[in-house]
Amino acid sequence: MSDISTFYATLEETVKAGKWPHIIESGEGAYLTILGKKKLNFCSSHYLGLAVDPRLSEAVSAAAKEYGIGTGYRTLAGTHKLHLELEEAIATFKGTEKAVTFSSAYMANAAAIQTILGKEDIVISDELNHASIIDAVRLSGVTNKFIYKHGDVNSLEEKLQEADKVRKTPKADGKNPLTLIVTDGVFSMDGDLAPLPGIVKLAKKYDALTMVDDAHGEGVLGKGGRGIVNHFGLEGQVDIEVGSLSKAFSVMGGFIAGNKTLIEYYMLKARQRLFSIALTIPDTAASLKAVQILLESDAPVKKLWDNVKYLQEGFKKLGFDTGNSQTPIIPVMLGDEEIARQFSAKLFEEDVFATPIIFPMVAQGKARIRVIASASFSKEDMDKGLKAFEKVEKELGVLH
Ligand SMILES: Cc1ncc(COP(=O)(O)O)c(C=O)c1O
């Protein structure tokens, strides 16, 4: 066999063994239609139900009619006045001096780290940080990487001490290496929070920059969903805040929010902005409307939290282990991968859509069904979901 045939044979093996997702035929609110049947949507990160909010689709239609669809490259002929309106609204929402958008939060994380760090600098990262942060660190070429135990400020301080020697050794340009502490705000597989006050305190002590990826905190935590920095009352004390427009805002895109100088530096230098397309008009208009909705009212966030409490209590009453969840992300721990797969398949038969989370998304032996609460659920919807979990648990006997 030639090298190319071997290569394709290897791909084919993987493709044949692959698991393909269900196709959604309609809906993105409390219910989805899959295989022609309505299923309770128990695993979407559209926390506030904005994906099917008519105010967003109306904003999209009006903007598309007025401005068309495509934009371009932000540094050439692609900066539209709607982009600037969106960035201003995001900065107002986050309480930062400025914000810059990208085509996804994956891109925003890449830009946030790659643009400011080089080979000789230092990154200190939580062991459970999202893949996009891990890839961003790789892309930056940083060789001094220190990984601290998940959510553990003592472990973080140990790593800062280890890094101190490197930090005090000047780089080729004569400056000391820069240290960046980076963490998810809400951890997407467990729903727990980063210990941000402790991180900020240590960052000050060790002269480090701080970065938080608040993809699952925006629209969820803090006053009116302002995010994790607001939740902990740390405004102005976290250097780099990355956000996603694809979770609570239910559109697509990502952003970095922070002080004016830093954001303007990103605007000039981030390769993800120089060499990749800007958000389209419909994405920008929908995101702008979503941010405006939250600037005007905290009602959707309040509704979300009522539902979070109801579901968390419901799962506890049924005897399920939901880990350290403090947010709408509720991991129903099952441990074994095969059980998690079977559990999800049986829930599907009960018209509840909740996908299994298995290795490599989580460590081996830590499989789970990740339920995500949404403001779009009624009490009846949540009872339907909880009843299905109770029934399937009885059938599989996972708790006994
Ligand atoms: C913590 C975290 N950061 C970043 C991302 C990437 O977001 P986006 O879909 O906007 O690229 C995700 C998406 O799953 C995430 O969970």
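Reply: A290 is buried, because its relative accessibility is 0%. Buried means under 20% relative accessible area, exposed means over 50%, and partly exposed is in between, with a 1.4 Å probe and protein chains only. The model is predicted, so local features need pLDDT of at least 70, side-chain atom pairs count only at pLDDT 80 or more, and totals for chains, interfaces and linings use all residues. Residues are numbered from 1 along each chain as its sequence is written, and side-chain values use heavy atoms, with hydrogens and water left out.

A290 sits in helix α11, residues 281-296. Helices (H or I, at least four residues) and strands (E, at least two) are DSSP runs, numbered from the N terminus. Leaving out residues up to four places away in sequence, A290 touches L50, L56 and F249. Contact here means heavy atoms within 4.5 Å. V251 is 39 residues from A290 along the chain, yet their C-alpha atoms are separated by 8.5 Å.

Next, another buried position. D214 lies in the loop between β8 and α8 (228-231). D214 counts as buried because its relative accessible area is 0%. Beyond its neighbours within four places in sequence, D214 contacts K94, R226, G227, I228 and V242.

Now the sheets. Seven strands form an open sheet with mixed pairing, in the order β4-β10-β9-β8-β7-β5-β6. From one strand to the next, the twist averages 20°. Two strands pair if DSSP finds at least two bridges between them. Strands β5 (residues 122-126) and β7 (residues 179-184) run parallel and are joined by four bridges. Within that pair, V123 has L180 of β7 as its bridge partner.

Helices pack on this sheet. Helix α5 (residues 131-140) touches β5, β6, β7 and β8 (209-213), and its direction makes about 160° with that of β7. Helix α3 (residues 81-94) lies across β4, β9 (240-244) and β10 (254-258), running at about 125° to β4. For these angles, axes are lines fitted to C-alpha atoms, for helices over the stretch in contact; angles run from 0 to 180 degrees between N-to-C directions.

A second open sheet has four strands, ordered β1-β2-β3-β12, again with mixed pairing. β1 (24-26) and β12 (352-353) are its edges, each pairing on one side only. β1 pairs with β2 (residues 31-34) in the antiparallel sense over two bridges. I24 stands opposite I34 in β2.

Strand β11 (residues 329-335) pairs with β14 in the antiparallel sense over six bridges. There, I329 has I372 as its bridge partner. Strand β13 (residues 356-357) is also antiparallel to β14, over two bridges. I357 stands opposite R368.

Now charges. The structure holds 25 salt bridges. A salt bridge is a side-chain nitrogen of Lys or Arg within 4 Å of a carboxyl oxygen of Asp or Glu. One joins E12 and K16, at 3.3 Å from N to O. They are four residues apart in helix α1, so about one helical turn separates them. E12 is partly exposed because its relative accessibility is 46%. K16 is exposed because its value is 67%.

K205 pairs with E157, the closest N and O atoms being 2.7 Å apart. K205 is in helix α7 (residues 196-205) and E157 in helix α6 (residues 153-167), so this pair ties together parts 48 residues apart in sequence. K205 is exposed because its relative accessible area is 58%. E162 and K159 form another salt bridge, with the closest N and O atoms 3.5 Å apart. Both lie in helix α6, three residues apart, about one turn of the helix. D214 returns here: salt bridges that share partners join K94, D214, E218 and E241 into one network.

Last, the surface. I4, F7, Y8 and L11 make a nonpolar patch of about 430 Å². Patches take residues with over 30% relative accessible area and no salt bridge, joining like charges within 9 Å and nonpolar side chains (Val, Leu, Ile, Met, Phe, Trp, Tyr) within 5 Å. Accessible areas come from the Shrake-Rupley method with a 1.4 Å probe; for residues, only the protein chains shown count as cover. F7 belongs to helix α1 (residues 3-17). F7 counts as partly exposed because its relative accessibility is 44%.
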